[in-house]
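Here is a short report for a reader new to this structure. Please keep the sequence and the model in view while reading.

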Amino acid sequence: MGKSVSMEEKREGIPIRFAVARTDLGWVLVAGTERGICAIDLGDSREALVDALKTRFDKAEHREEDPKLVRWIRGLTESLVSPRRRLDLPLDIRGTAFQRRVWRELRRIPAGRTASYGEVARRIGKPGSARAVARACASNPLPLAVPCHRVVRSDGDPGGYRCGVERKRALLEREATTASRK
């Protein structure tokens, strides 16, 4: 059974523009509304990413290759190559108050650094909520822009990642290598 999605998530009747590009980490899809980026996904197949977007926002009007989205995806792919480069894109992120607090904290973790789920929980004033932080990371609709890949288990193990643990490891290695050159 699939994850239930609220009407807010479906964004009924709202145009969702998207662009897809191939990177060394696989395919990346960026989708946005007039307010900003509402979805980022990484995967092995362009078709699978587009199908997942259309399922997730099944009540929206889908448009591909909008010039603004091409600029946004270019910025995102450039940040994959140069992780220290600040990714400053407009975001249209929706979630619970707790999720938004977690996601805001994740954006404070610099490239080349990690934090444990428990550390993030303490930083947002909710010690003991490491599992809830992990759930917020797993439900993050904007991986890369909201760098949930920088959150690891307390023993240093990468833990899970919606876009694949191997991609998480590759992102962390890339960021660590870039940080060590500075």
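## Around E175

The side chain of E175 has a polar atom 3.5 Å from the backbone nitrogen of G112. A polar contact is a pair of N or O atoms within 3.5 Å; within protein, one must be able to donate a hydrogen and the other to accept it, and residues adjacent in sequence count only if both atoms are side-chain atoms. E175 belongs to helix α7 (residues 165-181). Helices (H or I, at least four residues) and strands (E, at least two) are DSSP runs, numbered from the N terminus.

Is E175 buried or exposed? E175 is buried, at a relative accessible area of 4%. Buried means under 20% relative accessible area, exposed over 50%, and partly exposed in between (1.4 Å probe, protein chains only). Beyond its neighbours within four places in sequence, E175 is in contact (heavy atoms within 4.5 Å) with P83, A111, G112, H149 and R150.

## Basis of the model

The model is predicted: local features need pLDDT of at least 70, side-chain atom pairs count only at pLDDT 80 or more, and totals for chains, interfaces and linings use all residues. Residues are numbered from 1 along each chain as its sequence is written, and side-chain values use heavy atoms, with hydrogens and water left out.

## Strand β1 and its partners

Strand β1 (residues 15-23) has seven of its nine residues buried, so the rest of the structure largely encloses it. Two strands pair if DSSP finds at least two bridges between them. β1 pairs with strand β4 (residues 61-64) in the parallel sense, over four bridges. There, I16 has H62 of β4 as its bridge partner.

Strand β2 (residues 26-32) runs antiparallel to β1, and seven bridges join them. A19 faces V30 of β2. Two residues lie between β1 and β2 in this hairpin.

## The two sides of helix α2

Which residues of helix α2 (residues 46-56) are buried? They are L49, V50, L53 and R56. These lie on the same side of α2, because they cover an arc of only 130° around the axis. The arc is that of the directions from the helix axis to the C-beta atoms. E47 and T55 are exposed, on the face turned away from the buried side of α2.

## Cysteines

A disulfide is a pair of cysteine sulfur atoms within 2.5 Å. The count here is zero. C38 is in no disulfide: the nearest cysteine sulfur, in C163, is 15 Å away. C38 is buried, with a relative accessible area of 1%.

For C148, the closest cysteine sulfur is that of C137, at 5.7 Å, too far for a bond. C148 is buried, with a relative accessible area of 6%.
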